[in-house]
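I opened the notebook to record what I looked up in this model, entry by entry.

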Number of protein chains: 2
Amino acid sequence: MDKMKKKLNIENHIIEIAADVFEEKGFAGARMQQIADQAKINKSLLHYYFRSKEKLFEKSFIIIANRIFAKLGQAFNFSGSISEKITNFLENSQYILWKNRNFLILFINELNQNEELLKKLMDEINMSQELNIFLSQLKEEQEKGILRNDVEPIVLLVNIISLSVFPYVGKPIISQIVEQLNYDYEDYLEIHKKQIAQFIINSIKNPDYKD
Amino acid sequence: MDKMKKKLNIENHIIEIAADVFEEKGFAGARMQQIADQAKINKSLLHYYFRSKEKLFEKSFIIIANRIFAKLGQAFNFSGSISEKITNFLENSQYILWKNRNFLILFINELNQNEELLKKLMDEINMSQELNIFLSQLKEEQEKGILRNDVEPIVLLVNIISLSVFPYVGKPIISQIVEQLNYDYEDYLEIHKKQIAQFIINSIKNPDYKD
DNA sequence: GTCTATATTGGGATAGAC
DNA sequence: GTCTATCCCAATATAGAC
């Protein structure tokens, strides 16, 4: 293996580890020492490769974000009716959201404080194609009367996202609430997974439609 | 005004300001100097009143959280059918959620890193009465056939919360998405506010019910 | 490229005068 | 209770040997 490949491998390795630490602690709370320890390299090497904590953060942040959004985009790519697409997306996205919930919280938190980073990210990530296809198909099915037409397509899209993402991202709020009602958070998620597609489909299907 | 009242006033004033700064920067990113400056007091007074940054954070965090949850609880207190309750809650909660969105993000983020704090908060906040009333009324209306009975009550409750909270808390994600589709985030929120109650009611009403 | 040693500064916390 | 001065450590960052 030549030197450049090795360097890239090490850099990628560090980026993965760094992402873990940033997820856990946030940018300000994360420690270069901890990243170095977990990556089993010397602390000064972090500066050798990335110059500063900020640059390391930005790099790992953008790479991880891209990866997650790409996976979610894939879960959206499915041929079939809108109802089938929704069902498929929900089935395939839950595991990704669960596994990356700490990153998603970091994502929301840091981007909320850092307009610069948000802009950089906007340029990098592009899902508009998949989303536009979904929206135009949705309009079609509304016109045909398969789906009720009193829901704005963009609202439905965001609702699907809210309903799939918030149970994971909002863990502290949700567990607060479900535990007051004597449910366990993890058990709740299981019920949620089973029911969520049906909940959304109930709200969009036209009850008068016959085919 | 006697000394003790004055002391309480100053403490409360500091707590308000501190909450602003913590919201903006998170615990690790917030600076005692900035809190002192914004509160127009000397930095060492912060330690005089609160001993440490952690204690100041905890105090302001719990007070603000209590205040928000109390307001949201009020928005839930409304006599009428489930559909009316939902409509009322959504109308009255949006402004609270909008005004406190930065705090809610802090809330999720810090509680996700700090199990200790989460436990302390659980003991302080109790909304189970309002929520239980809502859930049992919901079951009643399901049994009467007014509402469809294929949605688990707890799932509906959490869905209502997800759909009302996430558009504010998830701003970076949502704006990312709506802007790719040439919507403006704030405009989106307006559409959302108008449609969200109907969306939920569509999904729970029994289409075959006649009264 | 990788390490050790060190510079530098930021920021929480305290001492002590008033 | 309020201020100034200062302590002190933690953490980022760099210099320089190998």
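Entry 1, the DNA strands. I looked up which residues surround DNA strand D and found 15 of them, the closest being Met32(A), Ser44(A), His47(A), Ser52(A) and Asn42(B); a residue is taken as near a strand if its C-beta atom, placed from the backbone, lies within 6 Å of it. The elements giving two or more residues to this surface are helix H2 (32–39) and H3 of chain A together with H1 and H3 of chain B, where helices (H or I, at least four residues) and strands (E, at least two) are DSSP runs numbered from the N terminus. By class, the surface near DNA strand D divides into five nonpolar, six polar and four charged residues, with Ala, Val, Leu, Ile, Met, Phe, Trp, Tyr, Cys and Pro counted as nonpolar, Asp, Glu, Lys and Arg as charged, and the others, Gly among them, as polar.

I noted the basis of these entries before going on: this is a predicted model, in which local features need pLDDT of at least 70 and side-chain atom pairs count only at pLDDT 80 or more, while totals for chains, interfaces and linings use all residues. Residues are numbered from 1 along each chain as its sequence is written, and chains are lettered from A and ligands numbered from 1 in the order in which they are written.

I then turned to DNA strand C, which is surrounded by 15 residues, with Asn42(A), Met32(B), Ser44(B), Ser52(B) and Lys53(B) the closest. Here helix H1 (3–29) and helix H3 (43–50) of chain A, together with helix H2 (32–39) and helix H3 (43–50) of chain B, each give two or more residues. The surface near DNA strand C has five nonpolar, six polar and four charged residues.

I found 11 helices and zero strands in chain A, and its C-alpha trace spans about 70 × 45 × 35 Å along the principal axes. Of its 211 residues, 35% are buried, a residue being buried if 20 or more other C-beta atoms, placed from the backbone, lie within 10 Å of its own, exposed if 12 or fewer, and partly exposed in between. Among the contacts in chain A with a separation of 6 or more, 66% join residues 24 or more positions apart; two residues are in contact if their C-beta atoms, placed from the backbone, lie within 7 Å.

The domain assignment of chain A gives domain 1 (1–51) and domain 2 (63–204), with bounds that come from an automatic or database assignment. I read a distance of 31 Å between the C-alpha centres of the two domains, and seven residues of domain 1 of chain A are in contact with seven of domain 2 of chain A. On the domain 1 side of this contact I counted four nonpolar, one polar and two charged residues.

How do the axes of H9 (residues 153–169) and H11 (residues 185–204) of chain A cross, and within what distance do they come? They come within 11 Å and cross at roughly 170°, the axes being lines fitted to C-alpha atoms, for helices over the stretch in contact, with angles running from 0 to 180 degrees between N-to-C directions. H9(A) and H11(A) are therefore roughly antiparallel to each other, a term used for angles over 145 degrees, where under 35 is roughly parallel, 65 to 115 roughly perpendicular and the rest oblique. In this pair, Leu156(A), Ile160(A), Leu163(A), Ser164(A) and Pro167(A) of H9(A) meet Leu189(A), His192(A), Ile196(A), Ile200(A) and Ile204(A) of H11(A), and the residues of the contact divide into eight nonpolar, two polar and no charged.

I found 56 residues of chain B in contact with 56 residues of chain A, and on the chain B side H9(B) supplies the largest share, 11 residues. That side divides into 32 nonpolar, 18 polar and six charged residues.

Ile174(B), in helix H10 of chain B, is buried, with 24 other C-beta atoms within 10 Å. Leaving aside neighbours within four places in sequence, Ile174(B) is in contact with Val158(A), Pro167(B) and Tyr185(B). Asn182(A), in the loop between helix H10 (171–180) and H11 of chain A, has phi near 65°, a positive value in a residue other than glycine.
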